[in-house]
Structure formats: C-alpha cells, structure tokens
Amino acid sequence: MESKTKNKQTAVDFESCRLEHENIKADFPILSQTINGHPLVYLDNAATTQKPRVVINALIEYYRKMNANIHRGLHHLAEQATDAYEQTREHVARFIGGVDAHEVIFTRSTTESMNLVAYSWGEANIKEGDEIVITEMEHHANLVPWVILAQKKKAVLKRIPITLCGHLDLSDIDNIITPKTKLLALTHMSNVLGTINPIAELAELAKKRGAVVLGDGAQAVPHLPVDVKALGVDFYAFSAHKMLGPTGVGVLYGRRELLEAMPPFNMGGEMIREVRFDRITWADLPHKFEAGTPNIADVVAFDAALTYLEEIGMDNVRQHEINLLRYAIERLSELDGIEIQGPQEYAQRGGAISFTDTEIHPHDISTFLDSKGIAIRAGHHCAQPLMRVLGKVATARASLYIYNDQADIDALVEALKEMRRYFGI
Amino acid sequence: MSEPLDDMYRDIILDHYRSPRGRKPLEKADVTSDGSNPSCGDEIFLQVELDNGTVKDIHVDCRGCAISVASASMLAEVIKGKSIEHAKKIAEVVRKMLKGEGTDISDDLGDLDALQGVRNFPVRIKCALLAWVTFMEGLKNHEKGHGDVHTRVSTEDDE
C-alpha cells in the first residue's frame, strides 16, 4: 500500500482530511485521468468504487503466479490458490465483527446473496399467510426477490413507510412487525437517501416476535464499521466492488444454525460430499452454497481491499465521510433550485446525496456534469417504489468515498451553477 | 463547453424545452396514446384530432428530460396540419435518423434536424424517440379501429 493514514483518530478536521486525500487519490490510477478535457471527479461511489493499485496488483499477481482451480487440486498452485481464497473468507469474517468463517458465503453480488436466501431459506420456510416485512427505501435487490416469494407462497408483503425527512416511520411498527412476521428484510443504509437505519433495534424487535432478519449492507459495510453480531441480524449481504474490491464478488453472512438447515441454492461441483446416481449428500458450510468454480481471482484480490480499508480504519472512513457530507450539503444548499433528499442530520446518514433541480431533469444534470468530467448517477437508482413515495421520477445522486475531497464538491457545485446558466434558468 | 454537448443541446432544442408547443389539451381527440420510459421517468400523453385524412390538431404533454420534451414539442409543431400519410413518413424518417438506419433525408426536416446531435449520446436516443413511437402506436391503434384505447408505449426495450 502506497500510503495510509498514520494515526487513528476519530475526529478528523477538514484540514487533515484534505491532506489525507491527496495521498489517497494517488493510490487510485483511474482518478488521474481527464474526461472531456477536465480532471475526473468521481462521485458515483454508491454504484461502484474505484480500485487502489494494491487491488489491481493483487489481481495481476494472482493470474501471474497463482492461478489454479481451488479445493480439489493436489498440486502446489492449487494449494496456494485455495489458501488465498480461504484467507479472504477469514478476513471478511473478521471485518464484519468476528464471525465464524463458515458463516461467510461468497456469491456473485449482493443481489445473488438475497436470491440465495429467498430461494433456499424462503422456499423452505415461508408459508401461506406468513408476513414478510420490508421498507419503502429498499433497493430492488432486497425487494424483487421478496415480492416474488410472497406471490408464490401467498404470503403477505408488508412495508415500513418513510417519513418526509427520509427516516423509517416506526410509529406503527407494532402493527407491521407482528408474531406472523417470518422475515424482516431491510437496508442498513439507503442507496438513495443515505439514511442509516436503526437495524439493531428493529432486529431485536423482529426476533422477539419470532422473525428472521436480513440486512442489506451493500452501502453500509463500505462506509461504516459493521459488526453483524452486534446488529443481531441472521443474514447480511454486501459486495466487494462497492468497497474498493473487484466486481463479481458478493458476500452472504448467515447464522450457522440457519445455513446448516438450508438446502443448497445451486447444484453441481464443489457443493457435494458424495454423489451416487440415487443419493447425494451435501458438503459442509460454506461449500454447500458455492457450487461450481467460484470467482477465485476477484475473491483473492478482495483481500487487498479489506487490508487497505483496515489500514485507514473504518472509523476514519466514516469520520471523513461525515466531514465531507457536511461540506457538500452546506455547499449544495447555497444553490437555487437544488433540493436534497433524505435526512439532513449527518450522524444518521451516509454519503449518498440524492438531489433534484426544480427545473432540470436528472438525466440532463448528469449529461451536463459529465461534460465537465464529473461522474454522478441519475435515475431511479434501482428503487422505483421509493421514487414513487418521494414523488420523483428520478433523482441525481452524488455519492462519496475515501478519495473524494472538498475540491470535488467545489467542482460539482460550480458545474451545477454553470448548468443553470446553460439551460437558461 | 464541449462540442458534443452543444451539439445535443442545440439552441432549437433548448427553445422547445423551455416553451414546448402543443400543450393545450384537445376537447375532441380521435387518437390518444401514452408513452413512458420507466427507467428515465419520462412520460408522455398525446392526443390527435383528425379531419379528413389530416392531423387537424395535436396535444402533447411530456414530462421528462430536455431531449424528450423538446422532441415531443417538435413533433407537435411539425405534424400539425400534415396529412396522416405525410406525418407517418416524417415519423419514420426521424426514427431512422435517431437509430442511425440511414440519413437519406429528402424531406425538409426543419427544426427536426436538430435532433441529430442526440445520436452522439446513445443512452438518450430513447428519450428523443419516445414521442414519435407513441404517436405511431396511437395511429396504428386508430387504424385498427380502437383509437380510443390507451396504448402504453416505451422505447426502453428496443435499445
């Protein structure tokens, strides 16, 4: 790793953040390029993050020195690759609060993790009349599988509404989470509003009423210190690519007792103990859920991303984001016609900043910003039901990560000012 | 400002976007058609009054990005007063121009020529297409004898 924050501190002031950044940006080769004649300002981190050199190098090194299929090989490379793959699993287990590595399943994406739970646990456990509770701010990944499961099983899909400020509205929670609730599936941090949900409190309530709890950590794990045991969730899903790792690696944490009772999701190689034509026994955890050759290289390189984040410290990642978020919201609030969605209290939100312009469509905003080298996202952010609740067809979203700095926010704000002049508003 | 951006947001496009034509709803409509691109959030509602084989009047209400609004406004301006056959021909020429299926344009497209710049932004082509496809689908249904049935059109599936 080329640079790292030297001292672990919880209160980083603006000045030290900026210094921190100059070093950090240099670790990300992609950030040094120009787009449309302007230095790249990358503010689409809730979609995916960029990769530091250490991760890119880990991928190259894997293919140069270690590539082999894992788990069954009886040769040197196969043993090395297997060790590296399993080392990442152990690293992930430590990273999310110290769970048993057998409880960490590698998937293709957060979405696939949700589908694994829906098809394996859901098929076996949800019955007619059961209730599945979600929230109005779910990403389609934590929504579509439950809508389909509920339809198939004739179960009832209930939702926790949101308040005008973009928090979960818990005023009627006792009528939403009931003894009939079999599953509570909710996001830890909204990819649209940035809201950090009180997942531990809700998990406690749901479990008292006998429900299983699944957390969507796709936006939370990259940005906050997360301890899944402290959250009290039974399942928790996230992906590597939103936290500096390669694409194509998802994680599903599941409580051992639940995973052991669940049937496999995919069938084939790797996931069996013994196969006869008439009788098959499943492999133990976690291999039961990892049929076929997994995404070995990307899992191996994910280890470098975890190390990189640990060396910065997740407390620092969070603190930096709070500081930059405060600056961004202050600066965006100066602008006429810009409305920021979601909570305004920094302590209760992360760095995904959805905004709209009263006059200009989000797609025009995004196209204009791109002409200035600024990458944001515009659209429904895979949360169409939430868009309807917000009364918006789409929003523009700038989302932050460790390498962003005040200069990035300044570039965004200046470009938005120029945009209004350009469109004649 | 980068050139492709100015090429897409030409003055004519921005003028149609700021003051869209055909906003007044019709009292009597022979053709009614809805279009929407859910992934963008663009939505269009279109009414046409026909008289003896010509488009007597047209109303277009489009909510969306500058490109979809301007394209819909241009449609309203160009199509009004044209024979149905001519209107269809124009719609087909615009569709082909946007999809890059040949630029042999013999018609005088007038303002519509300004839509050419959209082709440099592939993800926005569907925005420019929405009004035209919605118009054509409405006419098609009318010819089948159910012009009063709302058709739901999207240009997102054929990207």
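The model is predicted: local features need pLDDT of at least 70, side-chain atom pairs count only at pLDDT 80 or more, and totals for chains, interfaces and linings use all residues. Residues are numbered from 1 along each chain as its sequence is written, chains are lettered from A and ligands numbered from 1 in the order in which they are written, and side-chain values use heavy atoms, with hydrogens and water left out.

**View 1. The fold of chain B.** Chain B holds 5 helices and 4 strands. Helices (H or I, at least four residues) and strands (E, at least two) are DSSP runs, numbered from the N terminus. Their order from the N terminus is α-α-β-β-β-α-α-α-β. Of the 159 residues, 52% count as buried. Buried means under 20% relative accessible area, exposed over 50%, and partly exposed in between (1.4 Å probe, protein chains only). Of contacts in chain B between residues at least 6 apart in sequence, 62% join residues at least 24 apart. Contact means heavy atoms within 4.5 Å.

**View 2. Chain B against chain A.** Chain B brings 20 residues to the contact and chain A brings 18 residues. Together the two chains bury about 1500 Å², 55% of it on carbon and sulfur atoms. This buried area is the accessible area (1.4 Å probe) that two parts lose on being put together, summed over both. One salt bridge spans the chains: A:Asp364 with B:Arg124, closest N and O atoms 2.7 Å apart. A salt bridge puts a side-chain nitrogen of Lys or Arg within 4 Å of a carboxyl oxygen of Asp or Glu. On the side of chain B that touches chain A, helix H1 (3-8), helix H2 (11-18) and helix H3 (66-79) each supply at least two residues. That side divides into 12 nonpolar, 4 polar and 4 charged residues. Here Ala, Val, Leu, Ile, Met, Phe, Trp, Tyr, Cys and Pro count as nonpolar, Asp, Glu, Lys and Arg as charged, and the others, Gly among them, as polar.

**View 3. Helix H5 of chain B.** B:Leu139 lies in helix H5 (residues 125-143). B:Leu139 is buried, at 2% relative accessible area. Beyond neighbours within four places in sequence, B:Leu139 contacts B:Val31, B:Ile84 and B:Lys88. B:Lys88 also meets B:Glu143 in a salt bridge (2.8 Å, N to O). That pair links helix H5 to helix H4 (residues 84-99), 55 residues apart. B:Glu143 is partly exposed at 48%, and B:Lys88 is partly exposed at 22%.

**View 4. A salt bridge across chain A.** A:Lys25 and A:Asp405 pair at 3.4 Å, N to O. A:Lys25 sits in helix H1 (residues 14-26), and A:Asp405 in the loop between strand E17 (395-399) and helix H14 (406-422), 380 residues apart. A:Lys25 counts as partly exposed at 24%, whereas A:Asp405 counts as buried at 9%.

**View 5. A:Asn191 in its loop.** A:Asn191 lies between strand E7 (181-187) and helix H7 (199-208). Its relative accessible area is 6%, so A:Asn191 is buried. Not counting residues up to four places away in sequence, A:Asn191 touches A:His139, A:Gln219, A:Ala352, A:His381 and A:Arg397.
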